[in-house]
Amino acid sequence: MSQPIRVVFVCLGNICRSPLGEGIFRHLVEEAGFAHQFVIDSAGTSAYHAGEAPDPGSIRVARNKGIDITAQRSRQFKRDELDRWEYIVAMDPANRRNILRLVDNDPEPLRGKLWLMRNFEHEEDGSGHDEGVPDPWGGGPRGFEDVYAIVERSCVNLLKSIRQARGL
Ligand code: 4NP
């Protein structure tokens, strides 16, 4: 079998947004029958919540859609894993800046693999708008519903884009 396609979702705390990215994208990949072709993970640019389970708000909106993210644990994204990923999907521009800082703001090592989640929200080729997925942390339940909808739309197109690129 060919090498798995490696995708990581990155936010700040790795308890709200990127756990949803990981859970939703894995669900879509499994539904499409490609589970063995992918390695999927998530991380935070901070270690604020390292070792913690996802936020109850994210767990709830995922569970409402039949996706269980309770086994995930927050971890910090590290410079030494940059080479390990083909797709690094940042949830907002600040997360993207933090990742670029790991390589002293030299975009070259990240060329073609560092994306914003919402680049895919309405565009299968990742050419979409440069906005962030809003941070629902500390907000009300509505915020998590909105995040879920944005991340789901974006993950559907991200998977289409990868399938196109990889001939899957
Ligand atoms: P996330 O949300 O980046 O989507 O996991 C946040 C979680 C925690 C904090 C900020 C954002 N925090 O500052 O602790």
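Is Cys155 buried or exposed? Cys155 is buried, at a relative accessible area of 0% (buried is under 20%, exposed over 50%, partly exposed in between, with a 1.4 Å probe and protein chains only).

## About the model

This is a predicted model, where local features need pLDDT of at least 70 and side-chain atom pairs count only at pLDDT 80 or more, while totals for chains, interfaces and linings use all residues. Numbering starts from 1 along each chain as its sequence is written, and side-chain values use heavy atoms, leaving out hydrogens and water.

Cys11 is in none: its nearest cysteine sulfur belongs to Cys16, 7.0 Å away. Cys11 is also buried, with a relative accessible area of 2%.

As for Cys155, the closest cysteine sulfur is that of Cys11, and at 12 Å this is too far for a bond.

## Strand β1 and its partners

Strand β1 covers residues 5-11, and six of its seven residues are buried. (Strands here are DSSP runs of E, at least two residues; helices are runs of H or I, at least four; both are numbered from the N terminus.) From β1 the chain passes through helix α1 (residues 17-31) to β2, a right-handed β-α-β crossover: with the strands pointing away from the viewer, the path from the first strand over the helix to the second runs clockwise.

β1 pairs (at least two DSSP bridges between strands) in parallel with β2, residues 38-44, through seven bridges. Ile5 has Phe38 as its bridge partner in β2. Strand β3 (residues 87-90) also pairs with β1 in the parallel sense, over four bridges, and there Val7 is partnered by Tyr87.

Notes: A disulfide is a pair of cysteine sulfur atoms within 2.5 Å.
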